Amino acid sequence: MTIDVERRYFCNCSGKPLELVPVETDEEGQLDLICERCGASPSSDPKHTITYQDVTLDD
Ligand SMILES: [Zn+2]
């Protein structure tokens, strides 16, 4: 039995959690998660609006 855990990132810049979307970075093939509204990402979070949740995926 395997348990898959997926980490999902959210940004609270609008007052409610908005899920970050994967976008391609300058480096080919690399994806980064970005808030569509304010542009924050887990590695660049100047306003500390990023939160995450570990979601267990059940088959
Ligand atoms: Zn945001």
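Colleague: What is the strand order of the open sheet, and how do the strands pair?

Modeller: In this predicted model, the open sheet has three strands in the order 2-1-5, with antiparallel pairing.

Colleague: What makes strand 2 and strand 5 edge strands?

Modeller: Strand 2 (18–19) and strand 5 (50–57) each pair on one side only.

Colleague: Why do strand 1 and strand 2 count as paired?

Modeller: Pairing requires at least two bridges between two strands. Strand 1 (residues 4–11) and strand 2 have two bridges, in the antiparallel sense, so they count as paired. Leu18 in strand 2 is the bridge partner of Cys11.

Colleague: How do you know that strand 3 and strand 4 pair?

Modeller: The cut-off is again at least two bridges. Strand 3 (residues 21–24) and strand 4 (residues 31–34) are joined by four bridges in the antiparallel sense, and therefore they pair. Glu24 has Leu31 of strand 4 as its bridge partner.

Colleague: What lies between strand 3 and strand 4 in the hairpin?

Modeller: Six residues lie between them, and Gly29 in the turn has a positive phi of about 85°.

Colleague: How many helices and strands does the protein chain have?

Modeller: The protein chain has zero helices and five strands, running β-β-β-β-β from the N terminus on.

Colleague: Why is the protein chain called more spread out than a compact globule?

Modeller: Its radius of gyration is 13 Å, while the globule rule gives 10 Å for 59 residues; the value is well over the rule, so the chain is more spread out than a compact globule. Along the principal axes, the C-alpha atoms fill a box of roughly 40 × 30 × 15 Å.

Colleague: What share of the 59 residues counts as buried?

Modeller: The share is 12%, where buried requires 20 or more other C-beta atoms within 10 Å of the residue's own.

Terms used
Residues are numbered from 1 along each chain as its sequence is written. This is a predicted model: local features need pLDDT of at least 70, side-chain atom pairs count only at pLDDT 80 or more; totals for chains, interfaces and linings use all residues. The radius of gyration is taken over C-alpha atoms; the globule rule is 2.2 Å times the number of residues to the power 0.38.
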